[in-house]
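Morning, everyone. One structure today, in a few minutes. Please look at the screen first.

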Amino acid sequence: MRHFLIKSRFFLFLALLTAVGCSTTRHSFVEESFDPGYVQMVAVLPLENHSAEKFAAERLRDVVTTELLARRLFKVVEKGDLRRFLREEVAEAETVSLDASTAKRMGKALNVDDYLAGSVDDYSELRNGSYSYPQVALTLRLVDVQTGRIIWQASDSARGYSTFGRIFGFASPSVNEVSYRLVRDLLKSLR
């Protein structure tokens with residue numbers, strides 16, 4: 001019986017360490033009058049990339065689009081239609097920010113209520129001894145195309161570090177798994 005108690009306490013301790021290792025601090029803002037039910041269609045703009053990974057912004061943009069659609073939060077303008085609009089209306093086709101008049105034209109041309117923009121703040125592989133794990137940080141904001149007001153913004157980071165995995169030699173979650181978890185957590189603050 002004593003052996004069972006020692007084992008139980010050990011695994012409880014490991015579970016606690018794992019949970020502490022995965023904790024993050026999400027920062028979010030939602031305008032008081034915002035009702036997601038009034039937003040039908042959004043455009044997901046190219047994200048700013050502040051990471052060293054060249055394609056991180058495009059990868060996370062696809063993750064954000066997939067999660068918006070999977071959660072049935074909004075309909076999303078097809079990326080090719082948005083790219084075509086930006087190429088015709090803005091000097092730089094891969095722009096990451098819009099002025100008020102361009103946003104209004106986009107709203108009218110693509111029938112969007114809001115646009116989602118943001119930045120990839122970290123997209124890296126970290127090492128702790130022989131154990132490596134991904135870390136991803138992201139900021140997203142939802143902007144009303146008519147007023148230019150930010151109606152929602154959230155920032156957070158997630159990492160694939162696991163004390164249990166490190167001790168017992170298990171592989172860390174992939175950067176893709178960590179990215180999807182991070183985006184799901186950010187979008188929770190939207191409701």
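**Leu138 and the cores**

Start with Leu138. Leaving out residues up to four places away in sequence, Leu138 touches Leu47, Leu60, Val64, Ser119, Val120, Asp121, Ala154, Ser155, Asp156, Leu182, Val183 and Leu186. Contact here is heavy atoms within 4.5 Å.

A word on the source. This is a predicted model, where local features need pLDDT of at least 70, side-chain atom pairs count only at pLDDT 80 or more, and totals for chains, interfaces and linings use all residues. Numbering runs from 1 along each chain as its sequence is written, and side-chain values use heavy atoms, without hydrogens or water.

Now the largest nonpolar core. It has 31 residues, and Leu68, Leu138 and Leu142 touch the most other members. A nonpolar core is a set of buried Ala, Val, Leu, Ile, Met, Phe, Trp, Tyr and Cys residues joined through side-chain atoms within 4.5 Å. Buried means under 20% relative accessible area, with a 1.4 Å probe and protein chains only.

Which elements each supply at least two residues of this core? Strands S2 (41-44), S5 (114-128), S6 (131-144) and S7 (150-159), plus helices H2 (56-70) and H6 (175-188). H2 gives the most, six residues. Helices (H or I, at least four residues) and strands (E, at least two) are DSSP runs, numbered from the N terminus.

Another core lies apart, with 17 residues, among them Met41, Leu82, Val90 and Leu110.

Last, a helix pair. The axes of H3 (residues 79-89) and H4 (residues 100-110) come within 11 Å and cross at roughly 135°. Axes are lines fitted to C-alpha atoms, for helices over the stretch in contact, with angles from 0 to 180 degrees between N-to-C directions. On the H3 side, the contact is made by Asp81, Leu82, Phe85 and Glu89. H4 brings Thr102, Arg105, Met106, Ala109 and Leu110. Thanks.

Terms used
Buried means under 20% relative accessible area, exposed over 50%, partly exposed in between (1.4 Å probe, protein chains only).
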